[in-house]
Amino acid sequence: MMAMRFLKRSVAAGRQPVTRSIAAALLLILPIAGCSGPQSALSPRGVEAFSIGPLFWTATWVGLVVTLIVVVLVAVALYGPERWRTWLGQDWIIIGGGIVFPVTVLSGLLVYGLLIMQAGAMRSAQVGLESITIRGKLWWWEVVYTTPEGEEIPSANELRLPVDRPVRLLLESDNVIHSFWAPQLGGKLDMIPGRTNELVVEATEAGVSRGQCAEYCGGAHALMSFFVVAMPQDEYDAWLASKAEGARAPATAEQERGQRLFLENGCGACHQVRGTEARGLIGPDLTHVGSRLSLAAAALPNDTKALMRWITDGQHIKPENRMPPFRQFSGGELSALAAYLSGLE
Amino acid sequence: MRRPLLPGRKGLFLALVIVLFAGLALGAVFIFSGVYNVAAARHHFDITNAVIRLTLRRSVKTHSLGIEPPAGLAEEALARLGARHYALGCEPCHASPASSRNPVVAEMYPAPPPLSEAVNHWQTEELFWIVKNGLKFTGMPSWPAPGHDEEVWALVAFLERLPNMDLKTYAELTGSTRTADFAFLQDMSVEGLAAMCGACHGDAQTAPVHPFAPPLHGQKPAYLRRALIEYAQNRRQSGIMEPIANELGTDVIEQLARFYSNASGAPMPSQTPPGSAALRRGEEIAEHGIRGSDIPACRSCHADSASGEFPRLDGLPAEYIAIQLRLFRDGVRASSTYAAIMAPIAQRLSEEQIEGVAAFFASQRPIAGEAAQR
Amino acid sequence: MLEEQRPSLAPTFGYLMLGSLFWAVHLLVVYAAHTLICALASSPTASSLTVVALTAILALPVAFVLLNQRRTGRWFGISDELPDRKTYDAISRFIGLLSLAGILWAGVAAAIVSSCATGR
Amino acid sequence: MAVDRELPNSLPRPEGELEALERAWALPKGFRLITAVNNQAIGIIYIGVALLFFILAGILGLIIRTQLAVPGNNLVGQDFYNQLFTMHGTTMMFLFAVPVVEALGVLLLPQMLAARDLPFPRLSAFAMWAYVVGGLVFFSTILYDLAPKGGWFMYPPLTLSEFSPGNNADFWLLGIGFIEISAIAGAIEIIVGTLRTRPPGMTLARMPIFAWAMLIFAAMIMIAFPAVILATMMLEIERAFGWPFFSAGKGGDPLLWQHLFWFFGHPEVYIIFLPAAGLVSMIVPAMAQHRLVGYRLIVVALIATGFFSFGLWVHHMFTTGIPSLSLGFFSAASMAVAIPSGIQVFSWIATIAAGRKPFRITSASLFVLGFLFIFTVGGLTGVMVALVPVDFQVHDTYFVVAHFHYVLIGGMVFPLFATLYYWIPMISRNMLSERLGRWVFWLMFIGFNLAFFPMHIAGLLGMPRRVWTYPGDLGWNSYNMASTVGAYILAAGVALFVIDLFRRFRPTMSGGVENPWSAGTLEWLPSDAYATRSIPFVTSREPLWDQPSLAREVNEGRHFLPGAPTGGRETIVTSAVDALPQYVIRMPGPGWSPLIASLGMAGFFLLLTVKLVVPALISGVVFIVAVLVWAWSLDHDANVPAVDIGAGIRLPVYMAGPVSHSWWAMTVLILVASSLYLAYVFSYFYLWVVSPDVWPPEGSPALPHIFWPGIIGLLILGGTVLLLFARRILPAPGSTSRAFPFVVALAMACFLVALTGEIWGHWASGLRPADNAYATMVYMACFLNLQVITGCVFLAGFTIARYFTGKLDKERRVNFESTALLTYYAAAQFLLGLVIIHVFPRVAI
């Protein structure tokens, strides 16, 4: 209980401008140009990130002060007046500075850290949370939502969350070890073959942030990112309902041509577009690919030009990725294909 | 303490240097003056010849160490496939039981040896190495399709049988089509060409001479067209098919593709017993793929509903499918647009899976006629 | 006679490292107990209590040694007459102190954090 | 003159004594220099090669930094980058940091202890050459695109053959194998050397801090390396034969690797750091001209670090989903390990302050001061990552990269440079340039901070580790550019150092510059290839300060063992705690066998990796023959009269039993083997906890009847009793005992039959090692027994051969004792294994 109260306080504190200004003041001291950025752990937008923030800053302050003390003492030892040096050159300074002082400070930090951990334990002990399964693939993310009716909705490379509601992420892998990390939401957690790790996240404000695989997973590890989109509850519900439906039918002749090309050229071997014959489960689900923020696990923006590049030249954009290059299309065919995929919103 | 070099030794050293430089200077004069006669009519001295031959023999022997002949080398079918290429590509220079050496070729220097006898001088592996790599300064080319060892072995299988072969056997092995050189193809009709193709690929009555030469009937025309064009433009490699395709004009290719897509052929016997584990494994991969290994279902593309550029695999010989998958897997067949799609997928297949897939498609009945063509 | 008074290696080092040996045993048993009780019995309360009890059990002897340093030294063959006795006693004492801190810290973790839970 | 009477030996020294000493210890001439085994010669080559690897790995680091200078860079491709960072980490850790520390031990320890050499000179030579050959071949794989690319930590499943086909990963395992072997060899050497070859009077409490540090370093290697040896064996077995140790599908667990690897990997950091801290504790007093303040506390810090560092391994696994409370335990231990570092920092500050004259600012002391600052920062960020929630955020980001470079470069490279500036005068005719030294320091210090400080921020801004490229819109660009610039400045400092080294370093065996820093420890005594003329009697921690005439006395030969009484190489062995002289050890001189043995071993493993089986086997035979030749000459004739070392002390020159150095070495080896086996026991129970459902799985063949392990256990006990009996029937010198060789052979037969029976029992039940994790662990126990028993059989064969050549009897029995010790251990391991394998699954829930 205590930990829960503590957590609430620290979250509340995190949102107060006071902490912000302390942080800002620190930034002036440290040579930091800015701590924002969509992937920054220093600009929290999730409950866990908020609870870690003050702990981090406390430890940073302690570190700064201790470093200063050491530097000053060394300076005194080197150049100080005789009397000060004699005073410093004794056994008790070791016992005081090397044992008593660190034991005191570290005890404090340890307890603080343990309290934050316990807050996390309380958070994850909540029952009845909605869950989203995220699987680490080579080198992209499979994200499976479940509708209130229990229907599974596969998606990829993007995590949508309701604001102010904790969600349980089930993290899995069927290949190598990956690590799911959305810094603005909270800390990372590994995806390990044979296990399901659970991470409870709660976005505190609407908006887009970015995450990335944090455990080296071979090949294109550097290009395995994703976007997190936190949206108000009603928007989220509407979004989920719309994504539960099958793919939108082609609206223009060009899109229709694109769909035909998509089906004829075997894209469905790996990709699924619900509502069509394409039922592949190897690559990302493309049913609503047009509505995502990025392509290829945030390696490319989501537009027709990028789509065309990806289809023909993916191995240069993201080496070793598992999709073969499809270079058989003429320019017209490619733009038809891209038009079709972009239209899948 | 160190003893200086003796004056005598110093002199010797100096003399050696002088001799070395003098030799280099003489050599330069010899080359730049153009005194040396390169005419083929002027033969080497016997001693030069002997040294060259010895060098050649030793080089071939050393380089062919570690080559192991494949299991089916003694099969007559393989020799048949090789024989047909020999008649087209090798006979003009190396003679055969049916023809003696061309008198023009005989004046090459060194002259290509009539192989009926020469083959006796070489071990199987050495023959393979020579056919595969060619020989410098002799006019013997290397095999035009690097990595396609299966084709080279087919030829070697035939060469092994060549010594003392009588005319009848030769005619029988080569399919009795008498040809002189590649230029023959130009003015033949589609039917005539088809008869030529059928010599290896089979026709309505006879099965292909060897599984490596797949049956063509009922294949999708777009794929056949693409295959011939890729051979002709050296985007797909084959020592046997490239020289032939190179002689075909686009219109002829078009006609051949149409012809074969409508033709019907002799059924290939399926070797794998139905219900075997390999067959089940193959069926699973062909129909559903393996999700965990990122292997898509073969049928996603190799189906009649898919683009005509993807070949139909039903009824193709298992050996052919397997060897092509291995070529894809090993990066030998990876340069064309479509091979670039297949190669990374083939890399995810184990040897067992390759065998299974090959067996599965071989067991499927091909659908004849144009009904399924797109 | 001289032979008997000479300290030998294993007891001397045992004495020097006494505290940290207790610390090592403590870490091992609390880690194992927590993991096993959670995996086999899945009882957080039992696990927490076991860990706290183990901490108390292992902290007591370390505290005892700290309070009776010289007597313990003699048990390990460091006689009062040994010239280096003071050094060995001091080393053993400070190691004991640090280890006691380590043991208690691990115990504090059990008092604050719930057992058998993955706090994420 | 009164003083003279107290010294062990009197003047004048007999004619020819010095010449005999010189003859015994002379270095081989010309190209035969490579057969030298003198610790100075070995040490210099060893350090030189380690520095070469430092530079090579540094160049890889520069390529990495160049690639990351700007976002979206295409200087090196993804695949090559992955090889680069793997090789950078592996080379720095395994081919530079650990070897250079061992090398410093080989070079400095005997000098500090005034021993003539380490107790097993040829073992040092073997370890060094194995490292040189193996390291160079391993490193060269980066040139042929064959380098491993799984990271220096090589986590499975990424490194299993499914995801890492090809030989790349095998080369990593191979490279590590060499370092494992040479590290263990070095640890044996250092432990026995430190405990047993100290000068008379140097009790434990008077040891130089560096000796303490090396002692704890070696002890940590004994405990930590076996874990990674077991892990690498398992990984290679899984790669080659598919035994599922780490595959989740069959009951293995990828996290098992992480546990074993980090149980080694975290102490590894302290294994590197402790000796460096020990060196600092030697340099600071010399520069302050004041004895170390808080000597006892520093010893406390070293011991405590040694212990606590084994309680932190999970701290690399905070984000793997381990229960919170377990993380709490390890967080507490991670905090605890910070305290000893604090003790040391404050002790150095106190010592600096305590000097009566101001602290001398030399290049060495600049590096020490730089180390103090950088290491403090690194330690404090270490406290931050020890806070579990903070680690959730910063784990596997550039924050951690910054942290461990602060700890490792700060804690190890800076002290190493201080060491080089400080001790090079001991082995070189010239000192390094103090003027250039200032430049080297400031370039390195500024470059280092510019390179690595911004990484903290890049990490906090979300930049993960091990990425070959990054997008330009995440705010990381300027920090990365700064890091790259800093890296080049750092490199310029190192380059300047190398230039100065080539300019000024002129190695010599005969003394070098005479005590340029007026230090108080024994390595600054006048010395030659034979080390000091006589071995001093020590009465304090800084003998050169407290006994001002010591250098003269030692050089005149008035202390112990002023000559070479047996005509060969020898040094005094003293008791472990109070350093009373016990016997004189005779040591081998130069020889080809260690060099050839290391080449044979390198050839064997390398050729096996590229699957050239026949040449590999030939190399293996070369290795075995060379080792046999080497070992044959080791056990000297026991029938030599005791020698007088001075002060009326007569010491035997042959020693068997628990006092002998070979008994100690075998004990250390057994400790290594037992920690390897304990790591196996841990793995067994760990996998059981993870997958109790496969222990054994439904439908798995039943265990052999309990009767069966009973018989096998009896056989083992029988073999042990036979060996005990053999000890009693050892022949008296000059006589024979016909039964002896048969009894020894019979004992070995018992072990071999027991092992075969154990394997056959499981095989006959239908259990196959690749079936599941349970079966795998059953056969792994057999494999580990096979290893030890093979060792026993070789030793027993050797013993029997010695008997038949008349080189083994009741007195001269060291070979037999080694065999017996190892065999008793084998019996204990085997019996424990029987209980685990046959009893545990029957009683497990």
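How far apart do the C-alpha centres of domain 2 of chain A and domain 3 of chain A lie? Keep that in mind as you click around; what you have open is a predicted model.

**Stop one: the domains of chain A.** Select residues 2-125 of chain A for domain 1, 130-244 for domain 2 and 253-342 for domain 3. The answer to the opening question is 22 Å, going by the C-alpha centres of domains 2 and 3 of chain A. Now look at where these two meet: 19 residues of domain 2 of chain A are in contact with 15 residues of domain 3 of chain A.

**Stop two: where chain D touches chain A.** Show both chains: 69 residues of chain D and 73 residues of chain A take part in the contact. On chain D, try the helices that give two or more residues each, including H4 (78-112), H8 (254-288) and H15 (434-460). Then pick out H11 of chain D, which gives the largest share of that side, 12 residues. By class, the chain D side comes to 44 nonpolar, 21 polar and four charged residues.

**Stop three: a hairpin in chain D.** Select S1 (residues 569-574) and S2 (residues 581-587) of chain D, which pair in the antiparallel sense over six bridges. Find D:Thr574, and opposite stands D:Pro581 in S2 of chain D. Six residues lie between the two strands, and in the turn D:Ala579 has a positive phi of about 55 degrees. Six of the six residues of S1 of chain D are buried, so this strand is largely enclosed by the rest of the structure.

Key: Residues are numbered from 1 along each chain as its sequence is written. Chains are lettered from A and ligands numbered from 1 in the order in which they are written. This is a predicted model: local features need pLDDT of at least 70, side-chain atom pairs count only at pLDDT 80 or more; totals for chains, interfaces and linings use all residues. Domain bounds come from an automatic or database domain assignment. Two residues are in contact if their C-beta atoms, placed from the backbone, lie within 7 Å. A residue is buried if 20 or more other C-beta atoms lie within 10 Å of its own, exposed if 12 or fewer, and partly exposed in between; C-beta atoms are placed from the backbone. Helices (H or I, at least four residues) and strands (E, at least two) are DSSP runs, numbered from the N terminus. Two strands pair if DSSP finds at least two bridges between them. Ala, Val, Leu, Ile, Met, Phe, Trp, Tyr, Cys and Pro count as nonpolar, Asp, Glu, Lys and Arg as charged, and the others, Gly among them, as polar.
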